[in-house]
Amino acid sequence: MIVLNYHELVETSPTNAWCLTHDAFDAHLALCGDMLISPQNFMDHWSHPKTGRNSGILLTFDDGFLSDYTHVYNRYIMTGRIPGFISFIPVDFVGTAGRMDWTMIEEISRGGGVIGSHGMAHADLTTVSDVELSRELKMSKSILEHHLGKEVPLFAFPYGRFSRRVWDAALKAGYTHLFTIQLGYHRGFESFLCSRLCLTNNMDAEYMRQHLLDPNTKRGIAWKVSTKLGLYRPLMRWRYR
């Protein structure tokens, strides 16, 4: 399976590299065709041995931007154009300018979307103290579960930055699936890690088309050689030690 990672969607004039226009998002959806799957379908088949490379495409959105509700939820889920998506929420940002409030987040959770944690303050978790790391992971999970009335087992690393210390703390906090922004199919080098393509507005439709055909094509010679030799996982564990 393939997982795509978006941030804010706007009508025109993106304000940063991770902000895409509605037209660009529509073009991506057209390329996805009927391969889009719901978060529940994705989770059900996450570790299934028969899950093939072309088993589906999952949409995820980071940072809790208002467009998750006003555009993706209202325009696409409510009209049945997509089967669902995951929205990763940095709790401290809820209700601030340009971000969703709790009423919107709760509605998405009830209406076909899935809510995951993105920490409290979108901190680089590889740089914070153990005390702050625990707070970012545990408090965000607790607050989200309080508002949603359900378990929140999904976590996305802010900035995509993580280490063994961070993932160990996340698993200890009760998360079961941790989302990165690495290239490739959904299965990461650890069973609980999920690779995603982080979309930027300099990736044109042809880039997306190639990624959907084979998300490993951009991974480079080091990945290809280490994978062929069976060294990729130990090398990654050493890199993220």
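Select residues 102-110, helix H4, where Trp102, Met104, Ile105, Glu106, Ile108 and Ser109 are the buried residues. Buried means under 20% relative accessible area, exposed means over 50%, and partly exposed lies in between (1.4 Å probe, protein chains only). Helices (H or I, at least four residues) and strands (E, at least two) are DSSP runs, numbered from the N terminus.

Before going on, note that this is a predicted model: local features need pLDDT of at least 70, side-chain atom pairs count only at pLDDT 80 or more, and totals for chains, interfaces and linings use all residues. Residues are numbered from 1 along each chain as its sequence is written, and side-chain values use heavy atoms, with hydrogens and water left out.

**Around H4**

Now show what the buried residues of H4 pack against: helix H3 (67-77), strand E5 (86-89), strand E6 (114-117) and helix H5 (130-148). Contact here means heavy atoms within 4.5 Å.

Go to the start of H4. A side-chain oxygen of aspartate 101 comes within 3.1 Å of the backbone nitrogen of threonine 103. A polar contact is a pair of N or O atoms within 3.5 Å; within protein, one must be able to donate a hydrogen and the other to accept it, and residues adjacent in sequence count only if both atoms are side-chain atoms. Then look past the helix: glycine 112 follows H4, and its phi is positive, near 120°.

Select histidine 147 in helix H5. Is histidine 147 buried or partly exposed? Its relative accessibility is 28%, so histidine 147 counts as partly exposed. Leaving aside neighbours within four places in sequence, histidine 147 is in contact with Trp102 and Glu106. The C-alpha atoms of histidine 147 and tryptophan 102 are separated by 7.5 Å, though the two are 45 residues apart along the chain.

**Serine 87, in strand E5**

Next, pick serine 87, which lies in strand E5. Serine 87 counts as buried because its relative accessibility is 0%. Which residues does serine 87 touch, not counting those up to four places away in sequence? They are Phe61, Gly64, Asp68, Met100, Val114, Ile115 and Gly116. Zoom in on aspartate 68: a polar contact of 2.7 Å joins its side chain to that of serine 87. Then pick serine 117, 30 residues from serine 87 along the chain; their C-alpha atoms are separated by 8.3 Å.

**Two positive phi values**

Most residues other than glycine have a negative phi. Select serine 13, in the loop between strand E2 (9-10) and strand E3 (20-21). Phi of serine 13 is positive, near 55°. Serine 13 counts as exposed because its relative accessibility is 58%.

Now move to histidine 122, in the loop between E6 and H5. Phi of histidine 122 is also positive, near 55°. Histidine 122 is buried, with a relative accessible area of 11%.

**The second largest pocket**

Stay with histidine 122 for the next stop. The second largest pocket has a volume of about 260 Å³. Of its 17 lining residues, the closest to its centre are His7, Trp18, Asp63, His122 and Tyr159. A pocket is found on a 1 Å grid over the protein atoms alone: it is an open set of points where a 1.4 Å probe fits, with protein on both sides within 12 Å along at least five of seven lines, and lining residues have an atom within 4 Å of a point. Grid points are joined across faces, edges and corners, and the volume is the space filled by probe spheres set on the points.

**Threonine 200**

Select threonine 200, in the loop between strand E10 (197-198) and helix H7 (205-213). Threonine 200 counts as buried, at 12% relative accessibility. Beyond its neighbours within four places in sequence, threonine 200 is in contact with Ala17, Trp18 and Leu20. A polar contact of 2.4 Å joins the side chains of threonine 200 and asparagine 202.

**Last stop: the cysteines**

How many disulfides does a search of the whole structure find? The search finds zero. A disulfide is a pair of cysteine sulfur atoms within 2.5 Å. Cysteine 32 is in no disulfide either, as the nearest cysteine sulfur, that of cysteine 194, is 15 Å away. Cysteine 19 is buried, with a relative accessible area of 1%, and cysteine 32 is buried at 2%.
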